[in-house]
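Here is a short briefing on one protein structure. Look through the sequence and the 3D view, then read the points grouped by topic.

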Amino acid sequence: MPEKTPTAPGPSLLIKGATVLTMDPELGDLLPGDILVTGDRITAVGPDLGDRASADTEVIDARGTIAIPGLIDTHMHAWQVPLKGLHAQGWTGEDYQSEVFHLRERFTPDDIHDATFSGAVQMLDAGITGVIDFCHNVMSPEAAEAGLRAHRATGQRALFAYGMLGGFDAPPEDHDWRLEHVRRLDEEVNKGGDGLLRVGLALGSIEYGSMERVRREIALARELGLRMTVHQNPPGQLRALHEAGLLDSDIVPAHANAADDGELALLAACGGGISFTPEGEFGGGRSMTVLNRAHRAGASPSLGIDTHARVAIDLFAAMRLTFLLMRNVDAATEREAGRWPLAHHPGVPLVRPRHMLEYATVNAARALGLGADLGRLTPGRLADVVLIDTEPYGVALGDPAAHVVLQTTPRDVDTVVVGGRVRKRGGRLTDLDPAEAGAATRRVRARVLGSAVPDPGPAR
């Protein structure tokens with residue numbers, strides 16, 4: 001497949017007449033408002049900015065849309081995208097191992113490239129402008145480089161979290177080459193790139209390795225200034241990291257369902273937060289109380305899809321389910337306390353739909369390590385913007401953030417801007433072809449699963 005190098009951002013862009021959810025408490029919502037972009041940054045937000053645009057400014061008529069910051073997925077395994085649906089009926093950890101994870105041994109670098117390419121295209125199409133790609137399928141240096149090439153070709157804003165977990169019976173030298181490769185990629189990608197693509201670390205799970213191995217990984221990451229993420233499944237691991245002097249805000253724990261209140265307080269105290277993947281965790285029978293407890297503790301939650309092997313690439317659905325789950329936990333707590341029927345007691349209910357949008361933008365930008373540059377539509381920030389079409393049926397009454405969270409699907413994503421470049425316009429990707437993403441998925445399935453997948457033929 002030929003590689004594509006996304007074109008440089010144009011001189012300026014004016015998004016005109018949208019309902020603008022800036023996600024900034026001082027600016028608030030603009031009903032309607034304009035967003036002026038110069039290069040890759042937002043230069044102004046306000047009403048009637050047309051007189052500030054230059055003669056060659058590209059203008060997008062955004063009437064009838066809601067403008068939000070680009071959505072950010074903070075826990076995604078892009079290499080599993082071609083395995084869509086394979087884990088739909090999974091229940092246990094053993095199911096995941098036998099249905100999905102064991103297949104990583106069959107993936108070649110070409111498979112990693114095609115899977116990552118397909119996933120990034122689908123994410124951009126769904127309004128997900130940024131991602132932490134937790135790639136725990138780095139079985140060779142070539143595999144990591146293939147994943148990086150795919151992200152570079154699609155132009156999604158990605159933190160490629162280089163997987164430290166090798167084979168479960170891998171010798172010590174398997175760990176050594178990974179650390180050395182990350183050091184080299186830091187020079188090539190982080191220091192020599194354009195900032196859209198960065199390398200970070202997906203720490204080896206403590207239960208599969210050792211605290212000493214994780215300590216070496218964290219030491220390298222902090223020496224180089226890399227962001228980190230880790231699967232946090234068994235109880236007590238956040239406290240163990242804290243007691244080892246390793247817990248800090250540059251590590252994003254994924255899941256953390258078993259974390260107790262004390263661990264969440266430790267995470268909040270260092271400015272950290274959790275990445276929650278509601279659909280997979282709820283469907284996998286895990287405890288859902290950590291979301292409410294993390295929110296109250298100030299351990300800022302963000303959201304992820306986790307694996308396309310189970311659920312759709314749809315952060316709107318994730319926000320919607322998260323809101324309903326958190327309301328349900330509140331209601332269960334009220335019932336157990338004998339307070340029924342429901343009433344508005346202080347602090348109950350805990351969240352509103354707008355909090356979910358904060359999880360997927362403001363909090364997620366912080367998890368990505370770009371909290372000062374992304375997550376809000378304010379002057380000086382990177383211009384990652386999504387326009388949601390509310391027509392033909394009209395915007396919901398009340399808070400427009402509730403329309404985004406409770407009424408929107410990826411089909412409503414009209415326009416996607418990443419770093420000032422229009423990547424989707426009028427509901428269609430501008431420089432990426434969904435058919436190529438589909439073909440990439442079929443190639444991986446044919447190679448990995450050993451059976452050809454029929455080509456659907458020309459688009460209708």
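Where is the place of Pro392? Pro392 is in the loop between strand S14 (385-389) and helix H12 (400-407). Helices (H or I, at least four residues) and strands (E, at least two) are DSSP runs, numbered from the N terminus.

This is a predicted model, in which local features need pLDDT of at least 70, side-chain atom pairs count only at pLDDT 80 or more, and totals for chains, interfaces and linings use all residues. Residues are numbered from 1 along each chain as its sequence is written, and side-chain values use heavy atoms, with hydrogens and water left out.

**Backbone features**

- Most residues other than glycine have a negative phi, and most peptide bonds are trans.
- A cis peptide bond joins Glu391 to Pro392, with omega at about 10°.
- Val348 and Pro349 are also joined by a cis peptide bond, with omega at about 0°; Pro349 lies in the loop between H10 and helix H11 (353-367).
- Asp48 is not a glycine, yet its phi is positive, near 50°.
- Asp48 sits in the loop between strand S3 (41-46) and strand S4 (58-61), and it is exposed, with a relative accessible area of 62%.
- Buried means under 20% relative accessible area, exposed over 50%, and partly exposed in between (1.4 Å probe, protein chains only).
- His255 has a positive phi of about 85° although it is not a glycine; His255 lies in strand S11 (residues 251-255) and counts as buried, at 4% relative accessibility.

**Nonpolar cores**

- A nonpolar core is a set of buried Ala, Val, Leu, Ile, Met, Phe, Trp, Tyr and Cys residues joined through side-chain atoms within 4.5 Å.
- The largest nonpolar core has 101 residues, and those with the most contacts inside it are Ile68, Leu71, Phe107, Met319, Leu357 and Val404.
- Helix H10 (residues 315-336) supplies the largest share of this core, 8 residues.
- Not counting residues up to four places away in sequence, Phe107 touches Trp79, Leu83, Ile112, Ala115, Asn137, Val444 and Val448; contact means heavy atoms within 4.5 Å.

- Val199 is in strand S9 (residues 197-202) and counts as buried, at 2% relative accessibility.
- With residues up to four places away in sequence left out, Val199 touches Leu148, Leu159, Phe160, Leu185, Val189, Asn190 and Leu226.
- Thr65 is found in strand S5 (residues 65-69) and counts as buried, at 7% relative accessibility.
- A polar atom of the Thr65 side chain lies 2.6 Å from the backbone oxygen of Ala62.
- Leaving aside neighbours within four places in sequence, Thr65 is in contact with Ala18, Thr19, Leu387, Ile388 and Asp389.
- Lys84 is in the loop between strand S6 (71-76) and H1, and it is exposed, with a relative accessible area of 54%.
- Lys84 and Ala312 are 228 residues apart in sequence, and their C-alpha atoms are 8.0 Å apart in space.

**Pocket and cavity**

- Rolling a probe the size of a water molecule over the atoms shows where empty space is left.
- On a 1 Å grid over the protein atoms alone, a cavity is a set of points where a 1.4 Å probe fits but cannot get out, and a pocket is an open set with protein on both sides within 12 Å along at least five of seven lines; lining residues have an atom within 4 Å of a point.
- Grid points are joined across faces, edges and corners, and a volume is the space filled by probe spheres set on the points.
- The second largest pocket has a volume of about 680 Å³.
- Of the 33 residues lining the second largest pocket, the closest to its centre are Gly93, Tyr96, Asn233, His255 and Arg286.
- H1 gives the most to this lining, with 3 residues.
- There is 1 cavity of 30 Å³ or more by this rule, and the largest cavity has a volume of about 40 Å³.
- The largest cavity is lined by Pro69, Gly70, Leu374, Gly375, Arg376, Leu377, Leu382 and Asp384.

Notes. A polar contact is a pair of N or O atoms within 3.5 Å; within protein, one must be able to donate a hydrogen and the other to accept it, and residues adjacent in sequence count only if both atoms are side-chain atoms.
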